[in-house]
Amino acid sequence: MLTDEIVSRTREHATTAWTEILNGAVPAETDNFFQKGGTSLKALRLCARLSGLLGRKVPVKLLLKNSTFGAFLSALETADV
């Protein structure tokens with residue numbers, strides 16, 4: 001079970017990584033990674049960065065299937081990886 005602290009930390013790290021990889025502003029829930037300039041290489045970089053920050057594997061398919069920031073966060077918070 002995820003605690004509020006873990007969910008908050010996941011959200012914080014995802015926001016930071018997304019912003020760094022896309023060189024942009026803090027993402028809105030409806031921002032689409034690929035429409036904001038994301039590429040497959042950037043998707044790999046984002047997931048690798050998050051894997052390091054979160055201490056667990058974040059597969060790129062999670063982002064490919066959930067390309068809006070809100071959907072990606074939800075998937076990160078519920079993924080059993």
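Is Asn 23 buried or exposed? I looked this up first. Asn 23 counts as exposed, at 69% relative accessibility; exposed means over 50% relative accessible area, buried under 20%, partly exposed in between (1.4 Å probe, protein chains only).

I noted the ground rules. This is a predicted model, where local features need pLDDT of at least 70, side-chain atom pairs count only at pLDDT 80 or more, and totals for chains, interfaces and linings use all residues. Residues are numbered from 1 along each chain as its sequence is written, and side-chain values use heavy atoms, with hydrogens and water left out.

**Loop entry.** I placed Asn 23 in the loop between α1 (4-22) and α2 (40-54). Helices are DSSP runs (H or I, at least four residues), numbered from the N terminus. Asn 23 is not a glycine, yet I found a positive phi of about 50°. Most residues other than glycine have a negative phi.

I then checked Asn 32, which lies in the loop between α1 and α2. Asn 32 is buried, at 15% relative accessible area. A polar atom of its side chain lies 2.9 Å from the backbone nitrogen of Phe 34. I listed its contacts (heavy atoms within 4.5 Å). Leaving out residues up to four places away in sequence, Asn 32 touches Trp 18, Ser 67 and Thr 68.

**Core entry.** I looked up the largest nonpolar core, which has 19 residues. Such a core is a set of buried Ala, Val, Leu, Ile, Met, Phe, Trp, Tyr and Cys residues joined through side-chain atoms within 4.5 Å. Leu 46, Leu 50 and Phe 72 touch the most other members. α1, α2, α3 (60-65) and α4 (69-78) each give two or more residues to this core.

Technical notes: A polar contact is a pair of N or O atoms within 3.5 Å; within protein, one must be able to donate a hydrogen and the other to accept it, and residues adjacent in sequence count only if both atoms are side-chain atoms.
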